[in-house]
Amino acid sequence: MQTIKIALLCTPVLVALGCASYPDQPTTRNIAEKMVSEAYPGMPPVLVKRSGQDRSQQICSKIGEMTLSQQEAAEVAQAARTSMQYPASGKLMGNWKVGAKLAYDGGGSRIRGGKVEKRKENGASCSNCHLLDPREVNAGNVGPSLAGYGAQRGNSEAIAKYTYEKIYDAWAYFPCSNMPRMGHSGHLTPEQISHVVAYLVDPQSPVNKK
Amino acid sequence: MAEPMKIRATLQGDVADVRILMLHPMETGQRKDAKGEIIPVHFIQSVIVTHNGKTVLDAQWSQAISRNPFLGLRVKGAKAGDKISVTWTDNKGDKRTDEVTVAAAS
Amino acid sequence: MLKLRGGIAAIAFICLSGSGHAADPLAVGRQMLAEDNPGDLWVLRGEKLFHEKRGPKQASLEKCDFGLGPGKVEGAYAQLPRYFSDTDKVQDLESRLLTCMVELQGFKREDIVKNRFGNLDRMSDMEALVSFIGSKSNGLKMSVSLSQQKEYDMYKAGEYIFYRRNGPLDFSCATCHTENGKRIRLQDLPNMTDPRQMQAVVATAWPAYRGTQSTVRTMQHRLFDCNWQMRLPDLGYASDMSVALTTYLNRSGNGGVIDLPGVRR
């Protein structure tokens with residue numbers, strides 16, 4: 001009874017009367033950010049930092065549809081472009097066999113009991129979201145299929161560079177894309193990314209075989 | 001251990017469809033603990049199902065049966081109100097018996 | 001009846017009610033799990049724990065108020081999370097159980113939190129209690145209502161956090177849960193902006209028996225597990241952030257007819 005009464009009274013017009021209603025955006029932001037800052041009690045500060053946001057992540061946290069203004073898109077793309085780092089060797093295409101292992105490894109960098117999992121290196125998790133080797137059944141579809149990636153595009157230096165950058169920091173090309181900025185955060189090293197590039201682009205890679 | 005089972009027995013004609021859920025770790029003896037030591041085998045060794053006191057199933061299990069096992073069986077010549085009793089015994093001597101009455105088909 | 005020795009000699013039949021789905025080889029297994037869910041054993045255990053006098057105060061949980069008055073468990077889960085005046089907070093089921101286990105039974109909060117999630121060596125009381133209380137809303141529709149200001153705040157905060165990108169992989173909940181027909185490897189992902197899909201989700205999870213975990217898992221565990229995959233630190237048990245997300249998601253599933261515990265991989 002009481003609940004119905006309150007619901008009827010609380011139209012936006014009557015907010016001034018002090019009825020309960022949805023908080024506005026700035027208030028929501030304050031409440032939520034405070035919650036996030038208190039959500040990881042007892043965790044080492046360096047790990048809690050992961051729940052912080054850089055400027056690009058803030059822009060990309062649109063509620064509902066991901067509609068960016070031209071300025072926002074430009075800002076995110078520019079930040080991504082500036083962040084690009086390349087392998088010391090200058091070789092953007094590594095070994096596709098190493099890339100194959102990385103592509104199907106979905107682990108690394110996860111935290112349990114306040115400790116990061118002990119591993120030699122992080123996996124690239126590609127298969128979690130993408131189809132790569134066309135014979136692979138255990139592949140996700142959050143991202144587009146990459147089967148035949150190199151076969152379709154060739155393996156020129158330009159394609160290798162584009163592919164490398166797309167993995168290092170996808171937001172340089174698609175601001176706020178669902179694709180993680182693998183190199184930007186250090187989740188993958190430049191060398192690791194070069195191996196994944198080879199897995200996608202090398203004509204010998206299973207990705208490009210029927 | 002010896003947590004209660006969940007048993008249901010529904011009549012289909014003159015056949016009781018019996019479904020049993022058990023709670024048991026069914027340790028294979030292959031798992032290692034945090035210190036790297038083998039966790040000893042601990043599994044249900046025998047399952048006996050009786051229908052109005054007469055044994056209809058006498059099974060010998062091994063550690064190959066999964067954790068929290070499920071057992072299903074059909075008992076011929078059953079009537080509503082008949083008693084189905086299930087007893088499991090494990091390799092540590094732990095025992096559990098639960099009983100259910102055959103329910104008429106709904 | 002002959003005594004049958006040596007292995008399982010009895011005829012273990014698979015009872016197929018209705019037509020079999022030859023096209024879907026998993027249909028039979030799914031149906032069997034739906035009919036005989038190991039999670040039911042957690043309900044039994046939870047019921048026992050609920051009525052048992054436990055803790056330093058040697059009290060049962062029969063006087064715990066889940067929002068409908070002390071001891072009223074029927075329908076309680078369906079209206080959680082909600083605001084509680086005694087704690088002046090919005091609480092989900094697990095948060096409220098923590099309150100009651102500490103206040104009524106005298107348990108230490110840290111001890112309960114330490115054992116909140118069961119493992120292969122030790123069962124969790126929380127998982128059993130959540131299964132029991134959840135099951136007492138079976139047949140009812142999820143009906144999270146917003147009337148107190150903190151409930152509105154919680155809902156909006158949950159929505160904000162749902163879309164909040166962070167971590168080394170730039171994930172938010174929205175990254176994986178805002179499109180139809182998506183899956184991570186072979187794990188289907190519900191679109192949480194679709195009320196119909198949310199109704200289906202809240203109907204049978206969480207709590208649900210998880211085969212890969214050999215135990216019933218709760219909503220708090222689901223959020224904890226997602227946090228783990230998002231490369232974030234251990235999510236605080238019954239933290240405001242977790243209750244905010246639960247408020248947002250459960251309300252999105254309002255109308256879903258509850259049938260707990262469910263079964264998941």
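A residue is called buried if 20 or more other C-beta atoms lie within 10 Å of its own, exposed if 12 or fewer do, and partly exposed in between, with C-beta atoms placed from the backbone. Helices (H or I, at least four residues) and strands (E, at least two) are DSSP runs, numbered from the N terminus.

This is a predicted model, in which local features need pLDDT of at least 70 and side-chain atom pairs count only at pLDDT 80 or more, while totals for chains, interfaces and linings use all residues. Residues are numbered from 1 along each chain as its sequence is written, and chains are lettered from A and ligands numbered from 1 in the order in which they are written.

Of its 11 residues, 8 are buried, so α3(C) is largely enclosed by the rest of the structure. The buried residues are L93(C), E94(C), S95(C), R96(C), L97(C), L98(C), C100(C) and M101(C). They pack against β2 (89–91), α4 (109–114), α5, α9 and α10 of chain C.

Now step back to chain C as a whole. Its secondary structure comes to 10 helices and 7 strands. The radius of gyration, taken over C-alpha atoms, is 20 Å. Along its principal axes, the C-alpha trace of chain C spans about 65 × 50 × 35 Å. Of the 265 residues, 48% count as buried. Two residues are in contact if their C-beta atoms, placed from the backbone, lie within 7 Å. Take the contacts in chain C between residues at least 6 apart in sequence: 67% of them join residues at least 24 apart.

One helix pair in chain C deserves a look. Two packed helices are described by the angle between their axes and the distance between the axes. Axes are lines fitted to C-alpha atoms, for helices over the stretch in contact, and angles run from 0 to 180 degrees between N-to-C directions. Helix α2 (residues 39–51) of chain C meets helix α5 (residues 125–135) of chain C at an angle of about 95°, with axes 7 Å apart. That makes α2(C) roughly perpendicular to α5(C). Angles of 65 to 115 degrees count as roughly perpendicular, under 35 as roughly parallel, over 145 as roughly antiparallel, and the rest as oblique. On the α2(C) side, the contact includes W42(C), V43(C), L49(C) and F50(C). On the α5(C) side, A128(C), L129(C) and F132(C) are among the residues that take part. The contact divides into 7 nonpolar, 4 polar and 4 charged residues. Here Ala, Val, Leu, Ile, Met, Phe, Trp, Tyr, Cys and Pro count as nonpolar, Asp, Glu, Lys and Arg as charged, and the others, Gly among them, as polar.

Next, a single residue. M198(C) lies in helix α8 (residues 195–204) of chain C. It has 23 C-beta neighbours inside 10 Å and so counts as buried. Leaving out residues up to four places away in sequence, M198(C) touches M192(C), L249(C), S252(C), G253(C) and G256(C).

How do the chains meet?

Chain B is built from strands. Its secondary structure comes to 0 helices and 7 strands. Its C-alpha atoms fill a box of roughly 55 × 25 × 20 Å, taken along the principal axes. Of the 106 residues of chain B, 27% count as buried. No contact joins chain A and chain B, and their closest C-alpha atoms lie 14 Å apart.

Definitions and conventions
Rg over C-alpha atoms; globule rule 2.2 N^0.38 Å.
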